[in-house]
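Visitor: I would like to go through this structure with you. Could we take it one residue at a time?

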Amino acid sequence: MSVTINAHQLKLLLDKTIDHMGSEYVEPLHGIRLDVDARYIYAVATDRYTIAAARYSLNHGDQNQEPWAATIPAENLRALREWIHALQGSGLITISTAKDRLFFEGPQTDLSIAVNTTLEFPDWRGLLRKLVEQTADSNVFPALDPGKLARFNTGGLIRARLTGDEKPLLVFSEDFLGAQMPVRHAGIYPTKEETFDSAHQSWLWTLSAGSKNASLDGAAYEEDRPQYEVTTDIRETGEVLLQQALRSGWDMHGKSAEKPEEFLAHCLTAVNAWAAFRYLNALYSVDPRTAAAVVAETAGEFESGEIGEFAWDAAEKAGFNPQKWLDDYEAAKAKSAAENTDTAA
């Protein structure tokens, strides 16, 4: 019984769940549960106040694979994370289990971790299923611990659903599902305003001085950025690339005959922008942190204005001959100029 995952994705699974582990005084919960079925590998952790389940899709998973699970003890997580960090993000790791051990086989080194198979981990699928299928109450106003909310740092946007005053908050993100229990009371609520109506009432005097039509929309509140500014945000970068691909495609229309050079320029821009978006999207799917780092690093290179030098160095490092490219390009330009001169004559 084994599964294969790249180093970055395994580290991401651990990072998304490690803050939700139970304490050392609750041994069955003091670690991260690796759970495998025919479609996904999951990392799950809970301290009974929060629960987090992150998953990674096993492409072309074996539908006949027998599910298995094992809990990585908290005391072994540091060694595992350091071992993973020493690998390249794309390095493949095969995870298998036998008797009372978990085996991690990497490209150069392997790691073996002892696990206690007698500890019973909660039925996390059942717990989350019950919450997801639970009907949401109206006008809920639960009290939540902000410190526990901060644990849901999934590396991306999250969506949340309130299910009741004393019922868990559901948290969704990309390949992530979790929940947080509200703060329960024992005669005295943890916040002064026990209901939304009472909280609203306490702010009426302050808010009554504000306009009902107030808005942050409008030119006065729009970002006054320069005409072109390099972004380090990966989502904005994807948006820029898609916009460029579409705009260049639109600009191609009607120019193939009357302005062939402009048509070719727009065609190349559209092709390159689309290719860059596809490559960035693929990299983000495999290794989102590396993708974000590449976008930030590339933005710095754009700001420096030395793209030609970077490209030349990259070409040489890859084993190409940029000097030959330059010579061929100059020769082609000279030939084109000579042909145009002969035609004009």
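**A walk through the model**

Guide: Let us begin with Ala 114, which is found in strand 8, residues 110–114. Please keep in mind that this is a predicted model.

Visitor: Okay. Is Ala 114 buried, partly exposed or exposed?

Guide: Ala 114 is partly exposed, because its relative accessible area is 37% and that class lies between the limits of 20% and 50%.

Visitor: And what does Ala 114 touch, if we skip residues up to four places away in sequence?

Guide: With those residues set aside, Ala 114 touches Pro 73, Asn 76, Asp 100 and Arg 101.

Visitor: How far apart in space are Ala 114 and Asp 100?

Guide: From C-alpha to C-alpha, Ala 114 and Asp 100 are 5.9 Å apart, and in sequence they are 14 residues apart.

Visitor: New topic: charges. Why can side chains pair up?

Guide: Side chains can pair when they carry opposite charge and their charged atoms come close.

Visitor: How many salt bridges does the count come to?

Guide: The count comes to 11 salt bridges. One of them joins Arg 81 to Asp 15, with the closest N and O atoms 2.6 Å apart. Arg 81 lies in helix 2 (residues 74–85) and Asp 15 in helix 1 (residues 7–17), so this pair ties together parts that are 66 residues apart in sequence.

Visitor: Which of those two is buried, and which is partly exposed?

Guide: Asp 15 counts as buried, at 16% relative accessibility. Arg 81 is partly exposed, with a relative accessible area of 25%.

Visitor: What else is linked with Asp 15 and Arg 81 in a network?

Guide: Lys 11 is linked with Asp 15 and Arg 81 in a network of salt bridges.

Visitor: Which residue meets Asp 35 in a salt bridge?

Guide: The side chain of Arg 125 meets that of Asp 35, with an N to O distance of 3.0 Å. Arg 125 belongs to helix 3 (residues 124–132) and Asp 35 to strand 2 (residues 31–36), so the pair ties together parts that are 90 residues apart in sequence.

Visitor: Are Arg 125 and Asp 35 buried or partly exposed?

Guide: Asp 35 is buried, with a relative accessible area of 8%. Arg 125 counts as partly exposed, at 34% relative accessibility.

Visitor: What about Lys 148: which residue does its side chain meet?

Guide: The side chain of Lys 148 meets that of Asp 145 in a salt bridge of 3.1 Å, N to O. In this pair Lys 148 is buried, with a relative accessible area of 18%, whereas Asp 145 counts as partly exposed at 26% relative accessibility.

Visitor: Where is there a patch of negative charge?

Guide: Such a patch is on the surface, where Glu 306, Glu 309, Asp 313 and Glu 316 gather. Asp 313 lies in helix 10 (residues 307–317) and is partly exposed, with a relative accessible area of 46%.

Visitor: Let us switch to the backbone. Which residue has a positive phi of about 80°?

Guide: That is Arg 48, although it is not a glycine. Arg 48 lies in the loop between strand 3 (40–46) and strand 4 (50–57). Arg 48 is exposed because its relative accessible area is 58%, and the class begins over 50%.

Visitor: And what is phi for Asp 175?

Guide: Asp 175 has a positive phi of about 55° and is not a glycine. The place of Asp 175 is in the loop between strand 10 (169–173) and strand 11 (176–180). Asp 175 is partly exposed, with a relative accessible area of 31%.

Visitor: Last topic, Val 295. Where does Val 295 lie, and is Val 295 buried or exposed?

Guide: Val 295 lies in helix 9 (residues 288–304). Val 295 counts as buried because its relative accessibility is 7%, and buried means under 20%.

Visitor: What is Val 295 in contact with?

Guide: Leaving aside neighbours within four places in sequence, Val 295 is in contact with Thr 231, Thr 232, Asp 233, Ile 234, Thr 237 and Leu 280.

Visitor: And how far apart are the C-alpha atoms of Lys 324 and Arg 159?

Guide: The C-alpha atoms of Lys 324 and Arg 159 are separated by 53 Å, and these residues are 165 residues apart along the chain. Lys 324 is found in helix 11 (residues 322–344) and counts as partly exposed, at 47% relative accessibility.

Notes. Residues are numbered from 1 along each chain as its sequence is written. This is a predicted model: local features need pLDDT of at least 70, side-chain atom pairs count only at pLDDT 80 or more; totals for chains, interfaces and linings use all residues. Side-chain values use heavy atoms; hydrogens and water are left out. Helices (H or I, at least four residues) and strands (E, at least two) are DSSP runs, numbered from the N terminus. Buried means under 20% relative accessible area, exposed over 50%, partly exposed in between (1.4 Å probe, protein chains only). Contact means heavy atoms within 4.5 Å. Patches are made of residues with over 30% relative accessible area and no salt bridge: like charges are joined within 9 Å, nonpolar side chains (Val, Leu, Ile, Met, Phe, Trp, Tyr) within 5 Å. Accessible areas come from the Shrake-Rupley method with a 1.4 Å probe; for residues, only the protein chains shown count as cover. A salt bridge is a side-chain nitrogen of Lys or Arg within 4 Å of a carboxyl oxygen of Asp or Glu. Lys and Arg count as positive and Asp and Glu as negative; His and the chain ends are not counted. The place of a charge is taken as NZ of Lys, CZ of Arg, CG of Asp or CD of Glu.
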